[in-house]
Amino acid sequence: MKNIIDNEKVHRVAELIKESKYTVVLTGAGVSTGSGIADFRTPGKGIWEKVDPFKVTSITAFEENPQRFYHFYRPRIEILSRVSPNPAHKAIARLEEMGYIKCLITQNIDNLHQRAGSKKIIEVHGTLREAVCRKCGKMISSEVLLKKIETSEEKVPYCKCGGVFKPNVVLFGEMLPNLDPAIFESMRADLMLTIGSSLQVSPVNMLPQYCLDRGGKLIIINFMSTHLDYLAGVVIKEDVCNFLPAVVEALKTK
Ligand code: ZN
């Protein structure tokens with residue numbers, strides 16, 4: 001991983017943020033890789049190596065076989081207590097605190113933005129912080145969920161009502177409950193920064209288009225190329241953990 005930061009781009013991004021009236025940030029898995037959370041779309045890494053996540057963690061798979069679902073999903077929940085926000089999460093929270101970021105839309109379900117101090121967050125894919133009973137709607141924390149899995153003979157977290165608890169995340173095949181506010185914020189933005197997202201997951205990858213359609217500007221910070229790179233004012237392929245803190249520093253002196 002290179003440590004040399006393109007200073008010209010840092011200042012260009014800082015300038016665009018400073019000029020904008022309503023900056024919205026959209027984050028993806030790339031923001032959390034620096035915290036040790038593997039992006040399951042990166043081939044050959046982590047717990048998804050041998051399984052097709054689309055088959056195991058769809059809503060249909062959950063309903064058909066919650067035991068198999070939790071066999072694969074439990075490590076994802078367990079890792080959350082062992083990871084911490086990284087400099088990228090902290091820089092994003094700091095930019096909100098400084099008044100530069102008005103809203104953060106995240107595809108991540110790991111709760112790390114909240115833990116870093118971000119306040120106005122739309123979690124378009126839900127969160128692993130909590131789980132909800134499919135039958136009665138009762139909500140429990142992920143800690144309680146893990147305890148229920150552990151103490152259950154089948155390793156399935158059952159509710160008192162007989163229903164099964166499901167992590168409060170959007171599984172493949174489910175609707176996105178927060179899509180409308182995310183679209184609203186994207187339309188309102190005169191500047192959108194997509195950070196650590198390859199913009200491959202629909203419909204979230206359409207959000208920058210709402211900003212662009214209304215004359216907004218787009219900055220893309222991601223290692224891999226995205227389908228919207230050609231429309232972005234600035235494209236940055238640097239480590240977000242180095243680049244974002246540099247932007248914060250640049251804005252302090254502007
Ligand atoms: Zn229940």
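Helices here are DSSP runs of H or I with at least four residues, strands are runs of E with at least two, and both are numbered from the N terminus. This is a predicted model, so local features need pLDDT of at least 70 and side-chain atom pairs count only at pLDDT 80 or more, while totals for chains, interfaces and linings use all residues. Residues are numbered from 1 along each chain as its sequence is written, and side-chain values use heavy atoms, with hydrogens and water left out.

**Exercise 1.** Work out which residues make the nonpolar surface patch, and where Met187 sits.

Step 1: know the patch rule. Patch residues have over 30% relative accessible area (Shrake-Rupley, 1.4 Å probe, only the protein chains shown count as cover). They also have no salt bridge (a Lys or Arg side-chain nitrogen within 4 Å of an Asp or Glu carboxyl oxygen). Like charges are joined within 9 Å, and nonpolar side chains (Val, Leu, Ile, Met, Phe, Trp, Tyr) within 5 Å.

Step 2: Met187, Met206 and Tyr210 make a patch of about 240 Å².

Step 3: Met187 belongs to helix α8, residues 179–188. Its relative accessibility is 32%, so Met187 counts as partly exposed (buried is under 20%, exposed over 50%, partly exposed in between; 1.4 Å probe, protein chains only).

**Exercise 2.** Describe the site of the zinc ion: which residues coordinate the metal, and what is the geometry?

Step 1: find the donors (N, O and S atoms within 2.8 Å of the metal, or 3.2 Å for Na, K and Ca; water is not among the atoms, so sites may look incomplete). The SG atoms of Cys133, Cys136, Cys159 and Cys161 coordinate the zinc ion at 2.3 Å.

Step 2: check the angles. They run from 100 to 114 degrees among the four donor atoms, and the site is tetrahedral (for four donors, all angles between 85 and 135 degrees).

Step 3: read off the spacing, C-x2-C-x22-C-x1-C.

Step 4: look at cover. Cys159 is buried because its relative accessible area is 10%, whereas Cys161, at 31%, is partly exposed.

**Exercise 3.** Trace the ring cluster that includes Phe69.

Step 1: count the aromatic pairs (Phe, Tyr or six-membered Trp rings with centres within 6.5 Å; planes under 30 degrees apart are stacked, over 60 edge-to-face, the rest tilted). There are four.

Step 2: Phe62 and Phe69 pair edge-to-face, 4.9 Å centre to centre with 90 degrees between the planes.

Step 3: Phe69 and Tyr73 are stacked, at 4.6 Å and 15 degrees. Both lie in helix α4 (residues 66–78), four residues apart, about one turn of the helix.

Step 4: ring pairs link Phe62, Phe69, Tyr70 and Tyr73 into a cluster.

Definitions and conventions:
Four donors count as tetrahedral if all angles lie between 85 and 135 degrees; four count as square planar and six as octahedral if opposite donors are over 155 degrees apart and all others between 65 and 115; anything else is irregular.
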